[in-house]
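Let's take a walk through this one together.

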Amino acid sequence: MNTPPSSSDTVTPSVTVTGTAQHAAWQRRVLPPVEQVRPGLWSVPVPIPHNPLRYTLCYLFPGAGGVVLVDPGWDSPDGRAALTAGLAAAGAGPDDVAGVVITHTHPDHHGLSGWLRETAGAWIAMHPDEAASMPARLWQGLTLDDDRAFLRTHGVPAGEVDTIAVDPGQVAALLAMAEPDRYLADGELAPIPDRQVRAVLTPGHTPGHLCLHDAEAGVLLTGDHLLPRISPTIGVHTERDGDPLTDYLAALRRMDAYGEVEALPAHEYRFRGVPDRARQLAAHHDHRAAEILAVLDAVPAPTTWQLAERITWSRGWDQLVGVPRRLALAETVAHLYQLRTAGVVTDSTGTPTHWYRA
């Protein structure tokens, strides 16, 4: 997961921090400890190189038939060493990994899955929509020229197009990520022996993002859907991406059913207050929509780029360079598509697209 340029840097009032050692480590900018958070459930931090999120929290379910992992993390020498150490703390090793469940296929979650398959013959499970959206499938046939055309459609100035366009040669590792051999649909039990861990489809951050609910343990593994401190990136990078923000807002409403659980997120630290945090994230997006509508009232027929450079970003638009600016544009597109679905705005045809109040 990339840190969104609109993210917040403070613990939210509606969140009660339960991962106190994780929170203390976050404040000290160090890796948190490996922890047994429930009987038969371990939390293992796996470092992310050169990323402000610092680590992914991989969760281990040891059992008689081997260990099932959720989101093993970024593939790097340090990542393999950290995961191996976490497995050792739980009384296992990489050879004991029976399977991997993926909340979503970003490389800070899915990166080590291929290594575990090669090392232990581990199966890999994800939602069917997530498999369909893997870069090797979603980007099939797309070229750098296609991406430039998408950027020009959204009003990116000629001098900026090459700066933020995605070169397929630079994302070769994403195209090579491991394919699943099992699918996990909404409401199904994950293939974890002796556990009742149910998949909860929460699209938005990615099309087939899953949370995992262990009712007996009183936990919800939230992946990137809910984090205690920042909002996950919801962006549109190609026209094949659809309307992810509408999906995300609907998935946030599903969180009302999990008021008593402890959230085990993929980044930062454990917390309670799932429904309140979901409502707070929805309010964040409502605020962003209001900002966009205010620009539409003030600027005649702006392009997406003109809107993006006029709304608020935590680091300021001028400080966003390269990938962060691309993410900011993608977030703006997602908001516009959601508002279009809601019938609040409309757009012109042609290049560049211009936006209007409906």
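Start with arginine 325, which sits in helix H13. This is a predicted model, so what follows describes computed geometry. Is arginine 325 buried or exposed? The relative accessible area of arginine 325 comes out at 10%, and because anything under 20% counts as buried, arginine 325 is buried. And what surrounds it? Once you set aside neighbours within four places in sequence, arginine 325 is in contact with Glu160, Ile164, Trp305, Trp317, Asp318 and Leu320.

Before going further, a word on confidence. The protein chain has an average pLDDT of 93, with 94% of the residues at 70 or above, that is, they score at least 70. The stretch to treat with some care is residues 7-11, where the pLDDT is below 50. Even so, beyond near neighbours in sequence, that stretch has 11 contacts in the model.

Now back to H13, and to the helices it meets. H13 covers residues 323-341, and one of its partners is helix H10, residues 244-253. Their axes are 7 Å apart, and the two helices pack at an angle of about 75 degrees. Angles of 65 to 115 degrees count as roughly perpendicular, and H10 and H13 are therefore roughly perpendicular to each other. On the H10 side, the contact is made by Pro244, Leu245, Thr246 and Leu249; on the H13 side, look for Ala334, His335, Gln338 and Thr341. Sort those contact residues by type and you get 4 nonpolar, 4 polar and no charged.

The other partner to look at is helix H11, residues 274-298. Here the axes of H11 and H13 come within 10 Å and cross at roughly 85 degrees, so H11 and H13 are also roughly perpendicular to each other. From H11, the residues involved are His285, Arg288, Ala289, Ile292 and Leu293, and they meet Glu331, His335, Leu336 and Leu339 in H13. The contact of H11 with H13 divides into 5 nonpolar, 2 polar and 2 charged residues. Notice that His335 turns up in the H10 contact and in the H11 contact.

While you're around H10, pick out alanine 251, which lies in that helix. With a relative accessible area of 4%, alanine 251 is buried. Leaving out neighbours within four places in sequence, alanine 251 has contacts with Thr202, Pro203 and His225. For a sense of scale, threonine 163 is 88 residues away from alanine 251 along the chain, and their C-alpha atoms are separated by 33 Å.

S3 (residues 41-47) pairs with S4 in the antiparallel sense over 6 bridges. A hairpin of 2 residues joins S4 to S5, and glycine 63 has glycine 66 in S5 as its bridge partner.

There is another open sheet to find, with 6 strands in the order S1-S13-S12-S11-S10-S9 and mixed pairing. Its edge strands are S1 (16-17) and S9 (197-201), each pairing on one side only. Inside this sheet, S10 (residues 210-214) and S11 (residues 219-223) pair in the antiparallel sense over 3 bridges, and aspartate 214 stands opposite valine 219 in S11.

How values were computed: Residues numbered from 1 in each chain as written. Predicted model: local features only at pLDDT ≥ 70, side-chain atom pairs only at ≥ 80, totals over all residues. Heavy atoms only, no water. Pairing = 2+ DSSP bridges. Helix = DSSP H or I, 4+ residues; strand = E, 2+ residues; numbered from the N terminus. pLDDT = per-residue confidence, 0-100. Contact = heavy atoms within 4.5 Å. Axes fitted to C-alpha atoms, helices over the stretch in contact; angles between N-to-C directions. Parallel < 35°, antiparallel > 145°, perpendicular 65-115°, else oblique. Nonpolar A, V, L, I, M, F, W, Y, C, P; charged D, E, K, R; others polar. Buried < 20%, exposed > 50% of the residue type's maximum accessible area, 1.4 Å probe, protein only.
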